[in-house]
Amino acid sequence: AAMFPELNAFPLSELQGGETRRLKPGQVTHVTNAASCVAESLKSNQNYDMRATAKIYARWCELAPDVPAPLKATIAAMKSGRPVETLGRQLWLESGQTLKDNTALSRAVPIGVFMAGHREARITAAFRDCGVTHFAPICQLSSAIVSGVVAAAIMCVDEHLTAEGIAKTAHDELTLSASLLAQMQPNWAH
């Protein structure tokens with residue numbers, strides 16, 4: 001695969017290693033593993049279940065070599081007895097509201113796939129999953145947008161989603177997601 005910002009001019013059909021992490025062909029990073037945890041939970045529960053997904057994250061964290069710091073902190077706090085439902089917000093507040101990165105975005109992809117036809121439920125699931133580790137409203141909105149673009153690509157049955165379609169979908173998802181987040185978390189998103 002071409003290194004960012006260069007675009008690939010062809011479909012990738014063979015596994016390639018390397019990149020910045022010096023991976024061997026077929027090896028995956030925490031990004032793929034975290035998305036796989038969400039996919040496993042969605043498949044098992046037939047819906048998004050925050051507690052069940054957090055348990056899968058905890059199981060994976062024990063084995064994974066490159067778990068991101070926000071997820072490690074969440075799992076450690078969860079093991080100490082803190083409730084997963086409020087943990088992301090608590091850790092975000094304890095960090096001085098500074099935790100704002102993109103490591104939760106890959107987890108929005110399986111949510112977009114599994115819940116493609118259920119827009120508000122998908123957005124809520126994206127918020128809840130992102131909020132486990134990245135409570136910042138910008139992170140939650142980003143996860144909802146990613147899940148929405150993935151859902152739109154899946155729902156585009158007879159055509160490809162164009163660049164314009166992706167931009168429109170992202171705008172529409174941001175508009176609805178911001179409204180929903182403001183309703184769900186009025187103290188944090190306004």
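Residues are called buried under 20% relative accessible area, exposed over 50%, and partly exposed in between, with a 1.4 Å probe and protein chains only. The model described here is predicted, so local features need pLDDT of at least 70 and side-chain atom pairs count only at pLDDT 80 or more, while totals for chains, interfaces and linings use all residues. Residues are numbered from 1 along each chain as its sequence is written, and side-chain values use heavy atoms, with hydrogens and water left out.

The protein has eight helices and zero strands, which gives the pattern α-α-α-α-α-α-α-α along the sequence. Of the 190 residues, 39% count as buried. With contact taken as heavy atoms within 4.5 Å, 60% of the contacts between residues at least 6 apart in sequence join residues at least 24 apart. The accessible surface comes to about 10,900 Å², and 58% of this area belongs to carbon and sulfur atoms. Areas were computed by the Shrake-Rupley method with a 1.4 Å probe, and for residues only the protein chains shown count as cover.

On the α2 side the contact is made by Ala 54, Lys 55, Tyr 57, Ala 58, Trp 60 and Cys 61, and on the α3 side by Leu 71, Ile 75 and Met 78.

Charged pairs come next. Side chains of opposite charge can pair when their charged atoms come close. A salt bridge is defined as a side-chain nitrogen of Lys or Arg within 4 Å of a carboxyl oxygen of Asp or Glu, and a search of the whole structure finds eight of them. In one, Glu 40 pairs with Arg 59, with 2.7 Å between the closest N and O atoms. This pair links distant parts of the chain, 19 residues apart, with Glu 40 in helix α1 (residues 30-45) and Arg 59 in helix α2 (residues 50-61). Glu 40 is partly exposed at 35% relative accessibility, and Arg 59 is partly exposed at 44%.

Another salt bridge joins Lys 79 and Glu 62, at 3.4 Å from N to O. Here Lys 79 belongs to helix α3 (residues 69-79) and Glu 62 to the loop between α2 and α3, 17 residues apart. Both Lys 79 and Glu 62 are exposed. Asp 129 and Arg 107 also meet in a salt bridge, at 2.7 Å from N to O. Asp 129 sits in helix α6 (residues 119-133) and Arg 107 in the loop between α4 (84-94) and α5, 22 residues apart. Both Asp 129 and Arg 107 are buried. Salt bridges with shared partners also join Arg 119, Arg 122 and Glu 173 into one network.

Glu 173 itself is placed in helix α8 (residues 163-184) and is buried, with a relative accessible area of 5%. Beyond neighbours within four places in sequence, Glu 173 is in contact with Arg 119, Arg 122, Ile 123, Ala 144, Ile 145 and Gly 148.

On the surface, Val 109, Val 113, Ile 154 and Met 155 form a nonpolar patch with about 330 Å² of accessible area together. Patches are made of residues with over 30% relative accessible area and no salt bridge, with like charges joined within 9 Å and nonpolar side chains (Val, Leu, Ile, Met, Phe, Trp, Tyr) within 5 Å. Helices α5 (108-114) and α7 (137-155) each supply at least two residues of the patch. Ile 154, found in α7, is partly exposed with a relative accessible area of 40%.

Most residues other than glycine have a negative phi. Gln 46, in the loop between α1 and α2, has a positive phi near 60°. Gln 46 is exposed at 55% relative accessibility and touches Ser 41 and Phe 114, not counting residues up to four places away in sequence. Gln 97 lies in the loop between α4 and α5 and is partly exposed at 33% relative accessibility.

Notes. Helices (H or I, at least four residues) and strands (E, at least two) are DSSP runs, numbered from the N terminus.
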